Amino acid sequence: MDLREFSKFGGGAFQYVPPKCFELKGQRFELLMDDGYDLVLNFTDDTTVEWNYINKEPSTPQKDEYECRKGDDTTYLVSWCLAGKEFMKRENYTFVIDLEQHLVTHLICKVGTNPRWPYLVSSEFVFGAIKQNGVEYKHYPRHGFSSDPVGNIIQWQYAPEMATVHLYYDRDWYRITYPRDNIQSQDAAAVNEQMNQMVNALPGSDEPAYYVKIKEGMYLVSCTEQNMEKLLGASVGFRSDTLCFLDNYNHMYDVGRGFGTMTAPDGTDSNVFVMIGAYGKIIDPEKDEFFKKMLTDKNPYLV
């Protein structure tokens, strides 16, 4: 695949990203996490977060450059890559900061944890609460893993020329395909064809996924291109990218971030860290046999 052509996809994926959000500037949060390792996040200005653990290293404040987008009026998706890490040991921290319920979800993604496939990205979730002065700590309720989205199909439009269809068919997996709408331009048709060629080179587009319920009508969906990396490697260019989407089903839009590695045709690796956004529409599988079948096809990666 010629990544110079494939870059049309990457550029298009940014078009519907909402503006940067600076509302957390000047706010400090103490996060009481269920793994027992509490965190402090101090948003000192529009782009800098000082953070540290209270009871493990690093316990002294670290400075990183963050990105923030809003899922709704009181829910924020915040993400940054940790500075000072070796390239093949990079880490990304992503938080859903829920000021309505004073809850938090922390997604920790790391490159280089698998010695057989060093480009694979691992994902770990930690749930917790935002400390409130004068309010007694309780270990519940929390954001948590959910099967609510299972059985749904949503077409996400990232730009006029770029859309994907996500099939949430299993609590631990998702599938991806591309729209069957009438194509509006040659560029859109070319992008779809490139992506279809990539998917068709695999036994299936199935990839591991996590679904986290944040509140009614809002879910954090995280998926990682592990099978693509194991089977296709550098030929795709994108190496086990992990994508997380804060899906707002009340208004059918999402904000998200991508993290991973890009390998250019000359073998040069570069870091992937991007914010993304899309508008969605629900697809009724009863009206399309192609999608209906995709919801029930066997996962080729499982016995």
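A residue is called buried when its relative accessible area is under 20%. Keep that cut-off handy, and keep in mind that you're looking at a predicted model.

**Stop 1: a buried glutamate.** Select E229, which you'll find in helix 3, residues 226–232. Is E229 buried or exposed? Its relative accessible area is 5%, so E229 is buried. Now show what surrounds E229: setting aside neighbours within four places in sequence, it is in contact with Y119, L120, R239 and S240.

**Stop 2: two of those contacts.** Pick R239 and Y119 together. R239 lies over the face of Y119, 3.7 Å from the ring centre. Next, click on S240, in strand 16 (residues 238–248). S240 has a relative accessibility of 1%, so it counts as buried. Check its backbone too: phi of S240 is near 55 degrees, which is a positive value in a residue other than glycine.

**Stop 3: a lysine over a ring.** Hop over to K230 and W117. The charged end of K230 sits over the W117 ring, 4.7 Å from its centre.

**Stop 4: aromatic pairs.** How many aromatic pairs does the model have? The count comes to 17. Then select F145 and Y210, a tilted pair at 6.1 Å centre to centre, with 35 degrees between the planes. F145 belongs to strand 10 and Y210 to strand 14, so this pair ties together parts that are 65 residues apart in sequence. F145 is partly exposed at 41%, and Y210 is partly exposed at 33%.

Stop 5: Zoom in on E57 and P58, joined by a cis peptide bond with omega at about -5 degrees. P58 is in the loop between strand 3 and strand 4. Another cis bond runs from Y140 to P141, with omega near -5 degrees; look for P141 in the loop between strand 9 and strand 10.

Finish at H102, in the loop between strand 7 and strand 8. What is its phi? About 55 degrees, a positive value although H102 is not a glycine. H102 is partly exposed, with a relative accessible area of 28%.

Note on methods:
Residues numbered from 1 in each chain as written. Predicted model: local features only at pLDDT ≥ 70, side-chain atom pairs only at ≥ 80, totals over all residues. Heavy atoms only, no water. Helix = DSSP H or I, 4+ residues; strand = E, 2+ residues; numbered from the N terminus. Buried < 20%, exposed > 50% of the residue type's maximum accessible area, 1.4 Å probe, protein only. Contact = heavy atoms within 4.5 Å. Phe/Tyr/Trp six-rings, centres within 6.5 Å; stacked < 30°, edge-to-face > 60°. Lys NZ or Arg CZ within 6 Å of the ring centre and 35° of its normal.
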